Amino acid sequence: QVQLVESGGGLVQAGGSLRLSCAASGSISSINVMGWYRQAPGKQRELVATITSGGRTNYADSVKGRSTISRDNGKKTVYLQMNSLKPEDTAVYYCNADIKWYGSSNSYSYWGQGTQVTVSS
């Protein structure tokens, strides 16, 4: 069984920083793309940033220049460093990973349970 467990959310003032972490566990053969998405109240879930196993990154325009995604392949963990946070960054942040488990010829998309980020003005 594969699990993604997020941590690092919380309440921060505008202009502050947070670092989110997401660790994958289970019988994992390989992980391709890992990423972060967010969902604000009343809005659809949207991409924040993704990173491939080779380190290629992609960012939403709304966070570009303020956020950095990184990963530790050995620890099966992805991070999101968010700086200069704004009230509009308030959302539940979800980790996503494209995972192939041992014995499978296909990879599957997994989601974490979400972590709340609240930015006060």
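These legends go with a set of close-up views of one predicted model. The model is predicted, with local features needing pLDDT of at least 70, side-chain atom pairs counting only at pLDDT 80 or more, and totals for chains, interfaces and linings using all residues. Residues are numbered from 1 along each chain as its sequence is written, and side-chain values use heavy atoms, with hydrogens and water left out.

View 1. Strands here are DSSP runs of E with at least two residues, numbered from the N terminus. In a regular strand the side chains alternate between the two faces of the sheet. "Buried" means under 20% relative accessible area, "exposed" means over 50%, and "partly exposed" is in between (1.4 Å probe, protein chains only). β1 pairs with β3 in the antiparallel sense over 5 bridges; two strands count as paired if DSSP finds at least two bridges between them. Look for S7, which stands opposite S21 in β3.

View 2. E6 sits in strand β1, which covers residues 3–7. A salt bridge needs a side-chain nitrogen of Lys or Arg within 4 Å of a carboxyl oxygen of Asp or Glu. Lys and Arg count as positive and Asp and Glu as negative, while His and the chain ends are not counted. For E6, the nearest side chain of opposite charge is R45, 7.7 Å away. So what does the side chain of E6 reach at 3.0 Å? That would be the backbone nitrogen of Q113. The backbone nitrogen of G114 also lies 2.6 Å from a polar atom of the E6 side chain. Leaving out residues up to four places away in sequence, E6 touches several others (heavy atoms within 4.5 Å), including W36, Y93 and C95.

View 3. In soluble globular proteins, nonpolar side chains tend to be buried together.

View 4. The whole structure has 4 salt bridges, and R38, E46, R66 and D89 are linked in a network of them. E46 and R38 meet at 2.7 Å, N to O. R38 is buried because its relative accessible area is 6%, whereas E46 counts as partly exposed because its value is 36%. R66 and D89 also form a salt bridge, their closest N and O atoms being 2.8 Å apart. That pair links distant parts of the chain, with R66 in the loop between β6 and β7 and D89 in the loop between β8 and β9. Both R66 and D89 are buried.

**View 5. Q44 sits out on a loop.** Is Q44 buried or exposed? Q44 is exposed, because its relative accessible area is 73%. The loop in question lies between β4 and β5. Leaving out residues up to four places away in sequence, Q44 touches R38 and Q39.

Conventions: Helix = DSSP H or I, 4+ residues; strand = E, 2+ residues; numbered from the N terminus. Polar contact = N/O pair within 3.5 Å; in protein donor to acceptor, adjacent residues only side chain to side chain.
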